[in-house]
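Let's walk through this structure together, one chain at a time. Keep the view at hand as you read.

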Amino acid sequence: MTTTPAPPGVEVTETEAEVGTTPGSPPVDTARPVRSRTLKPWYRNGTLVVGLVITGALILIAVFAPLLAPYDPLQQNLQQALQDPSSAHWLGTDKYGRDVLSRLIWGARVDLRIGFLAVLIPFVVGTVVGALAGYFGGWFDTVVMRVVDVFFAFPFYVLVIVLVFVLGAGESSIYLAIAAVSWVAYAKIMRGELLVAKKQDYVVAARLGGMSHGRILLKHIAPNVMSQALIYAMSDIVMDIMAIVTLGYLGLGIAPPTAEWGSMILDGQEFITTQWLQATIPGLAVVVTSLGLSLLGDGLSDHLSPERRK
Amino acid sequence: MTITDLSSDADTAARGVIDPSVPLLSVQDLTLGTGTGGRRPVPIVEGVSFDVAAGERTGIVGESGSGKSLTLRAIAGLLPGGVQVQSGRISYGGTDLLTMSARRRRELMGPEIAMVFQEPMTALNPVMRVGDQIAEGPRRHLGLGRKEALDLAVQMMARTGIPDPARRARAYPHELSGGLRQRIMIAMAVSCGPKLLLCDEPTTALDVTVQLQVLKLLERLCADTGTALVFVTHDLAVVNQTCSDVDVMYAGHIVESGPVAEVFRAPKHPYTRGLLESAPDFDRPDRELVPIPGFPPNVADRGPGCPFAPRCGYVTDHCWTAMPPLAAVAPGRLAACFETDRLGDPL
């Protein structure tokens, strides 16, 4: 295809295609590379780019934490406790004399890792269950949707906190609790998408062409509906990170002394009148992370939504 | 016919060996309607019967709501939820499609019966390359490998008059124009060499010049391969161009059927006549257009008589009380009208 990337605001770059060759028919058929009109390249999508930059930077910080952090995040030095920011400790030190910047950087590692990993199980379980329920309907759909309704009746954080409390603090409890609660959102999204998708002519046509249900679901429907689940996953990571930080703040999350933003806020809050940076900085880190992921989700939704293909 | 007979028939049909003594497609006394069990059933299509011989091109014309599309969908096994076959038989090569298992029926769809949809945009998967979409059927039904199936797809695209098919096979539907997309749909439908092609207003979404090309293409493909065509449309001109025989439907009934040229020259039913008189004729631009007064009846409260009676200029008392049967009025011609003899001269 001779697709020229169009400058913004410029409509179709139309290529007059070769003419129809049907015997006896006037040559009128044209093929237009419409791609340049409808899809602006991803790098022109401001929201997506800013989201990618913020999220990418945070991931890099988390990955290279051992190289970036100036101090060992667990190294106590009681003689230097509660220091103001200085050239030695850019963000000061906490009550045990640990470097706040180093803890912040290492904290990104813990919070982002759990946030991203915690999304995987509910994403897979929820999309599969929701897709099957929407596609096949019947009693399976009814049962699944009643279960989903029950979960939706409770606020996300309340359920997660209760589950972690019951299962006991720790990383694996967090994964379990989040998986148990948040798959329902994916199931609901995918079911809705499938209810629409399975009525599409191309699905009917594939069915009519004798294709099996499995092939239709995987080859025809999945590529058309996955974007919605992916976009939701971005905001879900934000929710999960908030949940982890909240749990840390409540003392139900990652056990101290591991550096984690929620427990840093908890530790810092008793000095809020004198050393306000200690609680504020990890809070800001949560805000920036959420912002980055939300922008990324928005940008992706702009970029991937099927309307743009029409 | 015993049950063993039925299953062996199905085997022959599935293998593509069809008894030449029976029509390829035979629809007998088909009644489709909504409502089962407790609710009062409302028939939407009533007592429709027609045969399509191998290689024959039949058009079904009628206005919106006449039941033409539902009839086609019943043949394809695609009735929308809430509409059921209430009685009748649809047989393909002597085998009843309605009692056939879903699995066996799926085996038929593609290599034996295929369908072209109305909207070429929505009937193609937006995220799959068109070549792969065409190749899917042959891979499934003809057992071709990935490469061979794709080669066949490119061949099919060439046969449907798509220029530069090898390059276009790699395109996504949104990169192609409406006419090309409809050609892709047709290539998809004929890729497994079906003996019966069902078309649901395949040219309605296209502009007139492209429409003509697509019709010519369909006609040529069917003539080349001996494929029978059932062509549903509301456009009389389209039937005239494409089909050899026509069934005119009104309010769920076939009211007239016969060879296209004869039906259009000398209609034997007032409705057909009304349709022709209300359509412009480019050969006689000075002819006055005569609209059909009134509206089609609501399916739920049809009287016992002829459904066209309230709009008919030839109506008599008899028409209000009895439904005229579809009867032979001339060799090869059927019409459902008591007053067919009073109808005026040929148009």
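Two strands pair if DSSP finds at least two bridges between them. Helices (H or I, at least four residues) and strands (E, at least two) are DSSP runs, numbered from the N terminus. A word on the source: this is a predicted model, in which local features need pLDDT of at least 70 and side-chain atom pairs count only at pLDDT 80 or more, while totals for chains, interfaces and linings use all residues. Residues are numbered from 1 along each chain as its sequence is written, and chains are lettered from A, with ligands numbered from 1, in the order in which they are written.

With pairing in hand, turn to chain B, where strand 7 (residues 196-200) and strand 8 (residues 228-233) pair in the parallel sense over five bridges. Within this pair, Cys199(B) stands opposite Phe231(B) of strand 8. Both strands belong to an open sheet of eight strands, ordered 6-7-8-3-9-10-12-11, with mixed pairing. Strand 6 (113-116) and strand 11 (327-330) of chain B each have a single partner strand, so one side of each is left without a neighbour in the sheet. On average, neighbouring strands here are turned by 25 degrees against each other, direction ignored.

Chain B also holds an open sheet of four strands in the order 2-1-4-5, and its pairing is antiparallel. Its edge strands are strand 2 (42-52) and strand 5 (95-96), each pairing on one side only. Eight bridges join strand 1 (residues 25-34) of chain B to strand 4 (residues 83-92) of chain B, and the bridge partner of Gln28(B) in strand 4 is Arg89(B).

Helix 2 (residues 68-76) of chain B lies across strand 1, strand 2 and strand 4 of chain B, at about 115 degrees to strand 1. Axes are lines fitted to C-alpha atoms, for helices over the stretch in contact (C-beta atoms, placed from the backbone, within 7 Å), and angles run from 0 to 180 degrees between N-to-C directions.

Now for chain A, which has eleven helices and zero strands. Of its 310 residues, 40% count as buried, meaning that 20 or more other C-beta atoms, placed from the backbone, lie within 10 Å of a residue's own (12 or fewer: exposed; in between: partly exposed). Why is helix 10 (residues 261-268) of chain A largely enclosed by the rest of the structure? Seven of its eight residues are buried, so the rest of the structure largely encloses helix 10. Among them are Trp261(A), Met264(A) and Asp267(A), and the cover includes helix 4 (100-136), helix 9 (213-249) and helix 11 (277-304) of chain A.

Key:
Contact = placed C-beta atoms within 7 Å.
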